[in-house]
Amino acid sequence: MRTTMKMIFCLFIISWVQGEGVDAALTEEVSKINIHGYFSQGFLISSRNNFILDSKKGTFQFNELGINFTSQVTDRIHVGIQFAARDLGDTGNDKVLIDWAFADYNWRDWLGLRVGKMKLPIGFYSKTRDIDMLRTFILLPQGVYFESFRDTSAAMKGIGVYGVVSPGSLGNISYQASIGAAEIDIDSSSIQFAESIGDIHISKCDVDRIISGCLIWETPLKGLRAGATLFDIKLKCSGNITKDIVVPVDFPPYSITAARKGDLFINDIPKYQIKIFSIEYTWNNLVLAAEYLKLRQDMDIKIIAGFNTRARLNTESYYISGSYRFSNWYELGGYYSVCNKDLTPSITPPGLPYWDFQKDICVSMRFDLNAHWTFKMEGHLTDGVALCLPRHNPDETGAPVFARRWAMFGAKMTYTF
Amino acid sequence: MKMTTILMTLLFILPMAVFSDAAGLKIIANPGAQTLELKKKDIRDIYTGVTKIWETDGKVIIAILEGSELHKQFLEEYVNKTPIQFRNYWREKVFTGEGESPKSFKTEKDLIDFVVNTKGAIGYISSPTEKAVTFVKITR
């Protein structure tokens, strides 16, 4: 309700400003305030495992909304702000945040400057993952576009440069590079995922800096583009241990308690780096894409009581996807996505082998009711649970329990203006 | 022999510079844009937001006839996108703050009036007009 009220208030203010002054005073095409927005409501239900949220019972806690206001101040300066809110189980909860807000100075086609909070290009589709209308699928391939990292990797505050160069007959090469920082909400899905590495509760997380870079080559071959992305973040989290850490010694049944429940810990992450290589080919109504992700996360975990450990999380993911538009109102798509993760050394007691991979086959149908309304349905058949969080899948004692093979169905309705 | 060479040369050169494509599609621009010749790739760069500023200075403002057969034909010929792909391409720019949607018109008359009256505007039409627009020559 609070969210809706805020949105309505923003709409009212901007409409009033437009009506009273801006439009009337400035007759040039530049200088007007443009307003666009979207709203989507989804439903997810899964069998055997909860994914992202408590999905086994079926849930409508899956929505996004956003509204933006932009204005071309001069020929070369463009400013804008987008407010967005989303709900995904126990994250987001429709809290209105500034999704992006920046000033853009377009000096030349090959060099522009942005200052403020801007969306990050991580792979071909991360910048638009909130806008359901722009793709065939409800959920992007999760190995590369994992929902739990969405709020950390969506945007950053800082400064960025961008541009397009056209080296003769080689097509266009566009680039974007930025440096800055971000705030990580303690209730975010990223924190939930970080907590899943062990029995910990994170109460604070500070980002030292983020570096992001992206190159996209529109090749001379019609419809073919290729890209590479780098995302590098340095951060430090702290919190408490939620369960005694008991370490076995060489002569069982003896063991020592290395840390006790409630002990403070610091998780220093000097490197959290994502590299993605992307390729996409469009031929008339057919779109084929493939992306490969490599993620490396180094962690120095220090427990104040004296127990220290160093761990590295390596994740390797890829997918291939295809979609075909049969008519103005119907599109069919699918993908096969694979994610493999490896935490060395394991901080928690080792799980079953299928806890470290996730293979997903997805088939999606999209119906465009008109230019503004879209309805989608999607089915997933999944093997492995690497991206399912233990906190969503506990047994009676609180220990994680997963089924290897599971399925999921989703539906989503979106309105865009 | 000399005449044959001239004829051959003309035959070779003439198709390289045309005012529109064979189907009668014409690219028009506001006279202030002062751009008389563009390559197909230039048109694509303009309509995909790669080129945002005219060489002679001033912002490029794109006009389209969304929903028309001419729009579909134009996109196929110059932009290599279907109308839906084109719409989503610009929506992506709108919702990431990286651009503004092209100005959309229902009739050619409205589009022509807009191009005539808007500095930096560019559009396309199917039939000749006597309005004060610049017809853009497409070179290959």
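1. Among contacts in chain B between residues at least 6 apart in sequence, what percentage join residues at least 24 apart? The figure is 66%, where two residues are in contact if their C-beta atoms, placed from the backbone, lie within 7 Å.

2. On provenance: this is a predicted model, in which local features need pLDDT of at least 70 and side-chain atom pairs count only at pLDDT 80 or more, while totals for chains, interfaces and linings use all residues. Residues are numbered from 1 along each chain as its sequence is written, and chains are lettered from A and ligands numbered from 1 in the order in which they are written.

3. Chain B contains 5 helices and 8 strands; these are DSSP runs numbered from the N terminus, helices being H or I with at least four residues and strands E with at least two. Of its 140 residues, 36% are buried (20 or more other C-beta atoms within 10 Å of the residue's own, with C-beta atoms placed from the backbone).

4. Chain B has an open sheet of 5 strands, in the order 5-4-6-2-7 and with mixed pairing; strands pair if DSSP finds at least two bridges between them. Strand 5 (103–104) and strand 7 (134–135) of chain B are at the edges with a single partner strand each, so one side of each has no neighbour in the sheet. Helix 5 (residues 108–117) of chain B packs on this sheet and touches strand 2 (26–29), strand 4, strand 5 and strand 6 of chain B. Its direction makes about 155° with that of strand 6 of chain B (axes are lines fitted to C-alpha atoms, for helices over the stretch in contact, and angles run from 0 to 180 degrees between N-to-C directions).

5. Within that sheet, strand 4 (residues 61–64) and strand 6 (residues 121–125) of chain B run parallel and are joined by 2 bridges. B:Ile62 has B:Ile122 in strand 6 of chain B as its bridge partner.

6. In chain A, strand 3 (residues 77–88) runs antiparallel to strand 4 (residues 97–108), with 8 bridges; A:His78 is opposite A:Asp104 of strand 4. Strand 4 of chain A also pairs with strand 5 (residues 111–119) of chain A, antiparallel over 7 bridges, and the two form a hairpin with 2 residues between them. One bridge there has A:Tyr105 partnered with A:Leu113.

7. The contact between the chains takes 29 residues from chain A and 19 residues from chain B. On the chain A side, strand 1 (33–46), strand 2 (62–72), strand 3 and strand 4 each give two or more residues.

How values were computed. A residue is buried if 20 or more other C-beta atoms lie within 10 Å of its own, exposed if 12 or fewer, and partly exposed in between; C-beta atoms are placed from the backbone.
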